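Morning, everyone. I have one structure to walk through today. Please look at the sequence and the model on the screen.

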Amino acid sequence: MSYPRPLTPDEKLADAKKQLSLPRIVVICGSTRFMTEMTEADLRETKAGKIVVKPGCDMKSPHELWSDPVEAVALKVRLDDLHRAKIRLADEVLVVGDYIGDSTRAEIAYARSLGKPVRFTHPEVDPDA
């Protein structure tokens, strides 16, 4: 007698999304220098009926929450971890902007390693194209 194998965490998440009838979830990635473009992409994806998650902090802009250099370094690590969690949650990734830096390149590689579809507002910057 054979038993069904247990579901993986990814399969459990996909099943939960299906049972909840959730719309597709898109995570926006890219350099925070493109925050204005990310907001526009958020509007367009939301209008298309998708749940959108994106970076919530622009550490390139001055703010009291990251004014202390030591705290800023620790915050950057936490934000990178948080963004990887957003990628795991999402059904697809949208990379915004015409420049891909090291962090965004790592996010793209991570998303692809998880089998997530990756779209680009500027397809010519796709590191795997």
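First, a term I need. A crossing of two helices is called left-handed if the near helix is turned anticlockwise from the far one by less than a right angle, and right-handed if clockwise. Keep that in mind. Also, this is a predicted model.

Now the layout. The protein chain has 4 helices and 4 strands. Along the sequence, the pattern reads α-β-α-β-α-β-α-β. The C-alpha atoms fill a box of roughly 60 × 35 × 30 Å, along the principal axes.

Next, a helix pair. Take helix 3, residues 69-89, and helix 4, residues 102-113. Their axes come within 10 Å and cross at roughly 35°. Which hand does the crossing of helix 3 and helix 4 have, left or right? It is right-handed.

Who touches whom? From helix 3 come Lys76, His83, Arg84, Ile87 and Arg88. From helix 4 come Ser103, Glu107, Tyr110 and Ala111. Sorted by type, the residues of this contact are 3 nonpolar, 2 polar and 4 charged.

On to charges. The count of salt bridges is 12. One of them joins Lys17 and Asp91, with the closest N and O atoms 3.0 Å apart. Why pick this pair? Lys17 sits in helix 1, residues 9-19, and Asp91 in the loop between helix 3 and strand 3, so the pair ties together parts 74 residues apart in sequence.

Last, the rings. How many aromatic pairs does the structure hold? The number is 0. Tyr99 does have a charge over its face, though: Arg33 lies there, at 4.1 Å from the ring centre.

That's my tour. Over to you.

How values were computed: Residues numbered from 1 in each chain as written. Predicted model: local features only at pLDDT ≥ 70, side-chain atom pairs only at ≥ 80, totals over all residues. Heavy atoms only, no water. Phe/Tyr/Trp six-rings, centres within 6.5 Å; stacked < 30°, edge-to-face > 60°. Lys NZ or Arg CZ within 6 Å of the ring centre and 35° of its normal. Axes fitted to C-alpha atoms, helices over the stretch in contact; angles between N-to-C directions. Helix = DSSP H or I, 4+ residues; strand = E, 2+ residues; numbered from the N terminus. Contact = heavy atoms within 4.5 Å. Nonpolar A, V, L, I, M, F, W, Y, C, P; charged D, E, K, R; others polar. Salt bridge = Lys/Arg side-chain N within 4 Å of Asp/Glu carboxyl O.
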